[in-house]
Amino acid sequence: MYDRSMKVEMTRKNTKEVYIGNRVIGGGNPILIQSMTNTKTENVAATVEQIHKLTAAGCDIIRCAVPTMEAATALGEIKKQIGIPLVADIHFDYRLAIAAMENGADKIRINPGNIGSVEHVKAVVDVAKERNIPIRVGVNSGSLEKNLVEKYHGVTAEGIVESALDKVHLIEDMGYDNLVISIKSSDVLMCVRAHELIAEKTDHPLHVGITEAGTLISGNIKSAIGLGLILSQGIGDTIRVSLTGDPSEEIKSAKLILRTLGIRKGGVEVVSCPTCGRTQIDLISLANQVETLVAGYPLDIKVAVMGCVVNGPGEAKEADLGIAGGIGEGLIIKHGEVFKKVPEAELLPALRYELDHWGE
(Lines give C-alpha, C1' and ligand atoms only; values in the text may rest on other atoms or scores of the structure.)
Protein backbone atom coordinates (compact mmCIF):
# COMPACT_ATOMS: atom_id res chain seq x y z
CA MET A 1 0.00 0.00 0.00
CA TYR A 2 1.23 3.47 -0.85
CA ASP A 3 2.31 5.44 2.21
CA ARG A 4 1.61 9.18 1.85
CA SER A 5 4.44 9.93 4.25
CA MET A 6 6.99 8.46 1.84
CA LYS A 7 8.75 11.15 -0.17
CA VAL A 8 11.29 10.83 -2.94
CA GLU A 9 14.39 12.70 -1.82
CA MET A 10 15.89 14.77 -4.61
CA THR A 11 19.56 15.63 -4.60
CA ARG A 12 19.86 19.28 -5.57
CA LYS A 13 22.67 20.30 -7.88
CA ASN A 14 25.22 22.37 -5.99
CA THR A 15 25.06 26.01 -7.08
CA LYS A 16 26.34 29.32 -5.76
CA GLU A 17 24.18 31.53 -3.57
CA VAL A 18 22.97 34.72 -5.20
CA TYR A 19 21.18 37.43 -3.21
CA ILE A 20 18.33 39.19 -4.98
CA GLY A 21 17.21 41.98 -2.73
CA ASN A 22 16.10 40.36 0.52
CA ARG A 23 15.88 36.86 -0.98
CA VAL A 24 18.50 34.28 -1.87
CA ILE A 25 18.58 31.56 -4.50
CA GLY A 26 21.07 28.77 -5.10
CA GLY A 27 23.14 26.94 -2.53
CA GLY A 28 20.32 24.56 -1.70
CA ASN A 29 17.97 27.35 -0.64
CA PRO A 30 14.23 26.91 -1.38
CA ILE A 31 13.23 27.24 -5.03
CA LEU A 32 11.62 30.67 -5.42
CA ILE A 33 8.69 31.51 -7.66
CA GLN A 34 8.86 34.38 -10.12
CA SER A 35 6.40 36.11 -12.40
CA MET A 36 6.39 39.16 -14.65
CA THR A 37 3.99 42.07 -14.68
CA ASN A 38 2.01 42.70 -17.85
CA THR A 39 1.11 46.28 -17.00
CA LYS A 40 2.92 49.23 -18.52
CA THR A 41 5.81 49.72 -16.12
CA GLU A 42 5.51 53.46 -16.63
CA ASN A 43 2.07 53.21 -14.96
CA VAL A 44 3.31 52.97 -11.40
CA ALA A 45 -0.09 52.61 -9.74
CA ALA A 46 -1.25 49.76 -11.99
CA THR A 47 2.09 47.98 -11.75
CA VAL A 48 2.23 48.23 -7.96
CA GLU A 49 -1.38 47.00 -7.70
CA GLN A 50 -0.54 43.94 -9.79
CA ILE A 51 2.62 43.22 -7.81
CA HIS A 52 0.66 43.33 -4.56
CA LYS A 53 -1.83 40.84 -6.01
CA LEU A 54 0.96 38.54 -7.14
CA THR A 55 2.72 38.82 -3.78
CA ALA A 56 -0.47 37.79 -2.01
CA ALA A 57 -0.74 34.80 -4.35
CA GLY A 58 2.78 33.65 -3.41
CA CYS A 59 5.15 35.35 -5.84
CA ASP A 60 8.68 35.61 -4.39
CA ILE A 61 10.40 37.75 -7.05
CA ILE A 62 8.82 40.04 -9.66
CA ARG A 63 10.15 41.16 -13.03
CA CYS A 64 9.07 44.26 -14.96
CA ALA A 65 9.71 45.12 -18.58
CA VAL A 66 11.89 48.20 -19.09
CA PRO A 67 11.49 49.24 -22.74
CA THR A 68 11.85 53.00 -22.14
CA MET A 69 13.78 55.39 -19.95
CA GLU A 70 10.47 56.39 -18.35
CA ALA A 71 9.95 52.77 -17.32
CA ALA A 72 13.47 52.61 -15.86
CA THR A 73 12.79 55.73 -13.81
CA ALA A 74 9.43 54.34 -12.64
CA LEU A 75 11.21 51.43 -10.99
CA GLY A 76 12.35 53.75 -8.22
CA GLU A 77 8.80 54.57 -7.17
CA ILE A 78 7.60 50.99 -7.67
CA LYS A 79 10.40 49.68 -5.46
CA LYS A 80 9.28 51.93 -2.59
CA GLN A 81 5.79 50.43 -2.59
CA ILE A 82 6.47 46.67 -2.81
CA GLY A 83 7.98 44.09 -0.49
CA ILE A 84 9.53 41.57 -2.89
CA PRO A 85 12.69 41.87 -5.02
CA LEU A 86 12.34 43.74 -8.30
CA VAL A 87 14.00 42.55 -11.51
CA ALA A 88 14.38 44.77 -14.57
CA ASP A 89 13.94 43.07 -17.95
CA ILE A 90 16.20 44.75 -20.50
CA HIS A 91 16.63 44.28 -24.22
CA PHE A 92 18.71 46.13 -26.81
CA ASP A 93 19.61 49.35 -24.96
CA TYR A 94 22.40 49.08 -22.38
CA ARG A 95 21.53 52.53 -21.04
CA LEU A 96 18.20 51.18 -19.78
CA ALA A 97 20.03 48.53 -17.76
CA ILE A 98 22.20 51.16 -16.13
CA ALA A 99 19.22 53.42 -15.41
CA ALA A 100 17.27 50.48 -13.95
CA MET A 101 20.08 49.74 -11.50
CA GLU A 102 20.37 53.41 -10.59
CA ASN A 103 16.66 53.37 -9.80
CA GLY A 104 16.81 50.42 -7.42
CA ALA A 105 16.46 47.24 -9.47
CA ASP A 106 17.53 44.26 -7.34
CA LYS A 107 18.57 42.28 -10.42
CA ILE A 108 18.71 42.89 -14.14
CA ARG A 109 17.91 40.48 -16.93
CA ILE A 110 19.90 40.98 -20.13
CA ASN A 111 20.87 39.01 -23.20
CA PRO A 112 24.40 40.23 -23.94
CA GLY A 113 23.84 39.13 -27.51
CA ASN A 114 21.29 41.89 -28.14
CA ILE A 115 22.56 44.53 -25.72
CA GLY A 116 25.12 45.82 -28.19
CA SER A 117 28.90 45.89 -28.31
CA VAL A 118 31.30 44.41 -25.77
CA GLU A 119 31.89 47.96 -24.55
CA HIS A 120 28.17 48.35 -23.83
CA VAL A 121 28.07 45.05 -21.97
CA LYS A 122 31.07 46.14 -19.91
CA ALA A 123 29.38 49.43 -19.07
CA VAL A 124 26.46 47.45 -17.64
CA VAL A 125 28.73 45.02 -15.81
CA ASP A 126 30.75 47.86 -14.26
CA VAL A 127 27.63 49.39 -12.69
CA ALA A 128 26.38 45.98 -11.54
CA LYS A 129 29.77 45.27 -9.96
CA GLU A 130 29.83 48.66 -8.24
CA ARG A 131 26.38 48.06 -6.73
CA ASN A 132 26.73 44.25 -6.35
CA ILE A 133 23.56 43.70 -8.38
CA PRO A 134 23.17 40.22 -9.89
CA ILE A 135 22.80 39.82 -13.62
CA ARG A 136 20.52 37.18 -15.08
CA VAL A 137 22.06 36.10 -18.38
CA GLY A 138 19.13 35.02 -20.52
CA VAL A 139 19.27 33.06 -23.77
CA ASN A 140 16.23 31.78 -25.64
CA SER A 141 16.26 29.24 -28.45
CA GLY A 142 14.56 31.77 -30.71
CA SER A 143 17.51 34.15 -30.47
CA LEU A 144 20.29 31.63 -31.02
CA GLU A 145 23.18 33.08 -33.01
CA LYS A 146 23.46 32.16 -36.68
CA ASN A 147 26.93 30.65 -36.29
CA LEU A 148 25.67 28.25 -33.61
CA VAL A 149 22.65 27.30 -35.70
CA GLU A 150 25.06 26.45 -38.53
CA LYS A 151 27.49 24.65 -36.22
CA TYR A 152 24.83 22.35 -34.77
CA HIS A 153 22.76 22.13 -37.97
CA GLY A 154 19.75 23.81 -36.43
CA VAL A 155 18.55 25.06 -33.07
CA THR A 156 19.67 22.49 -30.50
CA ALA A 157 20.14 22.12 -26.75
CA GLU A 158 23.90 22.05 -27.28
CA GLY A 159 23.76 25.34 -29.17
CA ILE A 160 21.65 27.00 -26.47
CA VAL A 161 24.10 25.92 -23.77
CA GLU A 162 27.14 27.07 -25.74
CA SER A 163 25.51 30.45 -26.38
CA ALA A 164 24.69 30.94 -22.70
CA LEU A 165 28.12 29.91 -21.48
CA ASP A 166 29.84 32.15 -24.03
CA LYS A 167 27.97 35.11 -22.55
CA VAL A 168 28.64 34.02 -18.98
CA HIS A 169 32.36 33.71 -19.71
CA LEU A 170 32.33 37.14 -21.33
CA ILE A 171 31.03 38.69 -18.12
CA GLU A 172 33.29 36.57 -15.91
CA ASP A 173 36.27 37.77 -17.93
CA MET A 174 35.19 41.30 -17.01
CA GLY A 175 35.70 40.34 -13.36
CA TYR A 176 32.12 39.69 -12.33
CA ASP A 177 30.47 36.41 -11.39
CA ASN A 178 27.31 37.45 -9.51
CA LEU A 179 25.24 35.74 -12.18
CA VAL A 180 22.09 33.71 -12.72
CA ILE A 181 21.64 31.74 -15.95
CA SER A 182 18.40 31.32 -17.87
CA ILE A 183 18.17 29.09 -20.93
CA LYS A 184 14.68 28.65 -22.30
CA SER A 185 12.92 27.12 -25.25
CA SER A 186 9.30 26.59 -26.21
CA ASP A 187 10.38 23.07 -27.23
CA VAL A 188 9.93 21.22 -23.94
CA LEU A 189 12.30 18.30 -24.52
CA MET A 190 14.97 20.57 -25.97
CA CYS A 191 14.66 22.78 -22.90
CA VAL A 192 14.98 19.79 -20.58
CA ARG A 193 18.07 18.53 -22.39
CA ALA A 194 19.67 21.98 -22.32
CA HIS A 195 19.27 22.16 -18.55
CA GLU A 196 20.74 18.70 -18.11
CA LEU A 197 23.77 19.76 -20.12
CA ILE A 198 24.37 23.13 -18.49
CA ALA A 199 23.93 21.80 -14.96
CA GLU A 200 27.08 19.74 -15.52
CA LYS A 201 29.07 22.73 -16.81
CA THR A 202 28.40 25.53 -14.32
CA ASP A 203 27.64 26.20 -10.68
CA HIS A 204 25.76 29.44 -11.30
CA PRO A 205 22.12 29.19 -10.14
CA LEU A 206 19.58 28.46 -12.84
CA HIS A 207 16.29 30.23 -13.54
CA VAL A 208 14.06 27.55 -15.07
CA GLY A 209 11.00 27.85 -17.28
CA ILE A 210 9.46 26.91 -20.59
CA THR A 211 9.33 30.11 -22.63
CA GLU A 212 6.29 31.08 -24.70
CA ALA A 213 4.52 28.04 -23.24
CA GLY A 214 1.13 29.25 -24.40
CA THR A 215 -2.36 29.76 -23.01
CA LEU A 216 -3.68 28.47 -19.71
CA ILE A 217 -4.23 24.87 -20.77
CA SER A 218 -1.35 24.26 -23.19
CA GLY A 219 1.04 26.43 -21.19
CA ASN A 220 0.32 24.59 -17.96
CA ILE A 221 0.73 21.17 -19.55
CA LYS A 222 4.03 22.08 -21.22
CA SER A 223 5.33 23.79 -18.09
CA ALA A 224 4.33 20.95 -15.79
CA ILE A 225 6.06 18.38 -17.98
CA GLY A 226 9.17 20.48 -18.61
CA LEU A 227 9.62 21.84 -15.11
CA GLY A 228 8.76 18.46 -13.63
CA LEU A 229 11.46 16.71 -15.64
CA ILE A 230 14.05 19.38 -14.84
CA LEU A 231 13.29 19.91 -11.16
CA SER A 232 13.01 16.18 -10.45
CA GLN A 233 16.69 15.90 -11.38
CA GLY A 234 17.63 18.46 -8.74
CA ILE A 235 18.18 21.18 -11.35
CA GLY A 236 16.83 24.69 -10.83
CA ASP A 237 16.93 27.40 -8.19
CA THR A 238 14.06 29.68 -9.21
CA ILE A 239 11.18 29.12 -11.63
CA ARG A 240 8.61 30.91 -13.72
CA VAL A 241 5.60 29.34 -15.39
CA SER A 242 5.10 31.49 -18.50
CA LEU A 243 1.42 31.72 -19.43
CA THR A 244 -0.52 33.93 -21.81
CA GLY A 245 -3.01 35.35 -19.35
CA ASP A 246 -3.34 36.70 -15.82
CA PRO A 247 0.09 36.44 -14.13
CA SER A 248 -1.64 35.22 -10.96
CA GLU A 249 -2.29 31.95 -12.77
CA GLU A 250 1.47 31.53 -13.13
CA ILE A 251 1.86 31.60 -9.35
CA LYS A 252 -0.90 29.04 -8.79
CA SER A 253 0.68 26.71 -11.32
CA ALA A 254 4.22 27.13 -9.98
CA LYS A 255 3.10 26.40 -6.42
CA LEU A 256 1.23 23.30 -7.54
CA ILE A 257 4.21 22.01 -9.56
CA LEU A 258 6.55 22.43 -6.58
CA ARG A 259 4.06 20.88 -4.18
CA THR A 260 3.34 17.94 -6.48
CA LEU A 261 7.07 17.20 -6.70
CA GLY A 262 7.35 17.37 -2.92
CA ILE A 263 9.75 20.30 -3.17
CA ARG A 264 7.57 22.81 -1.36
CA LYS A 265 5.12 22.23 1.46
CA GLY A 266 2.17 24.31 2.50
CA GLY A 267 -1.03 25.22 0.79
CA VAL A 268 -4.16 23.14 0.50
CA GLU A 269 -4.17 20.49 -2.21
CA VAL A 270 -7.57 19.94 -3.81
CA VAL A 271 -8.50 16.62 -5.39
CA SER A 272 -11.83 16.11 -7.11
CA CYS A 273 -13.52 13.42 -9.15
CA PRO A 274 -13.81 13.99 -12.91
CA THR A 275 -17.64 13.61 -12.88
CA CYS A 276 -19.65 10.99 -14.74
CA GLY A 277 -23.26 9.98 -15.31
CA ARG A 278 -23.70 9.26 -11.59
CA THR A 279 -23.04 12.89 -10.65
CA GLN A 280 -26.19 14.56 -9.33
CA ILE A 281 -24.83 17.97 -8.33
CA ASP A 282 -22.93 20.73 -10.14
CA LEU A 283 -19.60 19.31 -9.04
CA ILE A 284 -17.56 21.29 -11.57
CA SER A 285 -18.75 24.58 -10.12
CA LEU A 286 -18.35 23.29 -6.56
CA ALA A 287 -14.77 22.11 -7.16
CA ASN A 288 -13.81 25.47 -8.68
CA GLN A 289 -15.34 27.29 -5.71
CA VAL A 290 -13.45 25.05 -3.30
CA GLU A 291 -10.17 25.69 -5.12
CA THR A 292 -10.74 29.44 -4.83
CA LEU A 293 -11.73 29.11 -1.17
CA VAL A 294 -8.72 27.09 -0.02
CA ALA A 295 -6.21 29.39 -1.72
CA GLY A 296 -6.40 31.68 1.28
CA TYR A 297 -5.50 29.03 3.87
CA PRO A 298 -1.84 28.31 4.79
CA LEU A 299 -2.63 24.69 5.68
CA ASP A 300 -0.63 21.69 4.53
CA ILE A 301 -3.61 19.37 3.97
CA LYS A 302 -5.48 17.60 1.18
CA VAL A 303 -9.15 18.40 0.54
CA ALA A 304 -11.34 16.12 -1.57
CA VAL A 305 -14.44 17.20 -3.49
CA MET A 306 -16.56 14.21 -4.48
CA GLY A 307 -19.89 13.83 -6.25
CA CYS A 308 -21.31 10.35 -5.65
CA VAL A 309 -21.23 7.28 -3.42
CA VAL A 310 -18.37 5.72 -5.41
CA ASN A 311 -15.90 8.55 -4.97
CA GLY A 312 -17.15 9.97 -1.73
CA PRO A 313 -16.53 8.98 0.93
CA GLY A 314 -14.91 5.83 -0.45
CA GLU A 315 -12.13 7.20 -2.63
CA ALA A 316 -11.69 10.30 -0.48
CA LYS A 317 -9.99 8.30 2.27
CA GLU A 318 -6.53 9.65 1.48
CA ALA A 319 -7.71 13.22 2.03
CA ASP A 320 -7.50 14.98 5.36
CA LEU A 321 -10.82 16.68 4.75
CA GLY A 322 -13.50 16.16 2.15
CA ILE A 323 -16.97 17.06 1.03
CA ALA A 324 -19.36 14.88 -0.96
CA GLY A 325 -22.74 15.56 -2.50
CA GLY A 326 -25.20 14.08 -4.95
CA ILE A 327 -26.30 11.38 -2.54
CA GLY A 328 -29.36 13.10 -1.15
CA GLU A 329 -27.39 14.98 1.47
CA GLY A 330 -24.04 16.61 1.92
CA LEU A 331 -21.25 14.90 3.81
CA ILE A 332 -18.25 16.34 5.61
CA ILE A 333 -15.52 13.71 5.67
CA LYS A 334 -12.44 13.68 7.89
CA HIS A 335 -9.68 11.16 7.29
CA GLY A 336 -12.01 8.91 5.31
CA GLU A 337 -14.82 8.85 7.85
CA VAL A 338 -18.13 10.70 7.68
CA PHE A 339 -17.83 13.46 10.26
CA LYS A 340 -21.00 15.44 9.70
CA LYS A 341 -24.09 15.53 7.47
CA VAL A 342 -25.34 18.85 6.11
CA PRO A 343 -27.76 19.97 3.38
CA GLU A 344 -26.00 19.89 0.01
CA ALA A 345 -26.54 23.64 -0.35
CA GLU A 346 -24.48 24.14 2.83
CA LEU A 347 -21.40 22.16 1.75
CA LEU A 348 -19.23 25.18 0.96
CA PRO A 349 -20.00 27.11 4.20
CA ALA A 350 -19.47 23.89 6.16
CA LEU A 351 -16.09 23.37 4.51
CA ARG A 352 -15.12 26.95 5.27
CA TYR A 353 -15.98 26.40 8.93
CA GLU A 354 -13.83 23.26 9.11
CA LEU A 355 -10.88 25.06 7.47
CA ASP A 356 -11.24 27.98 9.88
CA HIS A 357 -11.11 25.61 12.85
CA TRP A 358 -8.65 23.05 11.48
CA GLY A 359 -6.32 21.70 14.14
CA GLU A 360 -8.34 22.96 17.09
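Reply:

Helix α1 (residues 44-57) packs against helix α2 (residues 69-80) at an angle of about 45°, and their axes are 10 Å apart. This makes α1 oblique to α2 (angles under 35 degrees count as roughly parallel, over 145 as roughly antiparallel, 65 to 115 as roughly perpendicular, and the rest as oblique). The axes are lines fitted to C-alpha atoms, for helices over the stretch in contact, and the angles run from 0 to 180 degrees between N-to-C directions. Helices (H or I, at least four residues) and strands (E, at least two) are DSSP runs, numbered from the N terminus.

The model is predicted, so local features need pLDDT of at least 70 and side-chain atom pairs count only at pLDDT 80 or more, while totals for chains, interfaces and linings use all residues. Residues are numbered from 1 along each chain as its sequence is written, and side-chain values use heavy atoms, with hydrogens and water left out.

α1 passes α2 in a right-handed crossing (left-handed if the near helix is turned anticlockwise from the far one by less than a right angle, right-handed if clockwise). On the α1 side, Val44, Thr47, Val48 and Ile51 meet Ala74, Glu77 and Ile78 of α2. Contact here means heavy atoms within 4.5 Å.

α1 also packs against helix α9 (residues 247-260). The axes of α1 and α9 come within 9 Å and cross at roughly 15°, and the two helices are therefore roughly parallel to each other. The crossing of α1 past α9 is right-handed. Gln50, Lys53, Leu54 and Ala57 from α1 meet Pro247, Ser248, Ile251 and Lys255 from α9.

Setting aside residues up to four places away in sequence, Leu54 touches Ser35, Cys59, Ile62, Pro247, Ser248 and Ile251. The C-alpha atom of Leu54 lies 25 Å from that of Met69, although the two residues are 15 apart along the chain.

**From the helix to the barrel**

α9 leads on to the strands. This helix lies across β3 and β10, and runs at about 160° to β3. Strand β3 (residues 32-36) and strand β10 (residues 238-239) pair in the parallel sense over two bridges (two strands pair if DSSP finds at least two bridges between them). In that pairing, Ile33 stands opposite Ile239 of β10. Both strands belong to a closed barrel of eight, which runs β3-β4-β5-β6-β7-β8-β9-β10 with parallel pairing.

Strand β7 (residues 135-140) pairs with β8 in the parallel sense over six bridges, and Val137 stands opposite Ile181 of β8. β8 also pairs with strand β9 (residues 206-208), in the parallel sense over two bridges, where Ile181 stands opposite Leu206 of β9. Between β8 and β9 the chain crosses through helix α7 (residues 188-199), and this β-α-β crossover is right-handed (with the strands pointing away from the viewer, the path from the first strand over the helix to the second runs clockwise).

**Three loop residues**

Asn132 is in the loop between α4 (118-131) and β7. The phi of Asn132 is near 55°, a positive value in a residue other than glycine. Most residues other than glycine have a negative phi. Asn132 counts as exposed, at 54% relative accessibility.

His153 is in the loop between α5 (146-151) and α6 (157-173). His153 is not a glycine either, yet has a positive phi of about 55°. At 74% relative accessibility, His153 counts as exposed.

Thr156 is also found in the loop between α5 and α6, but Thr156 is buried, with a relative accessible area of 17%. Apart from its neighbours within four places in sequence, Thr156 is in contact with Leu144 and Met190.

Notes:
Buried < 20%, exposed > 50% of the residue type's maximum accessible area, 1.4 Å probe, protein only.
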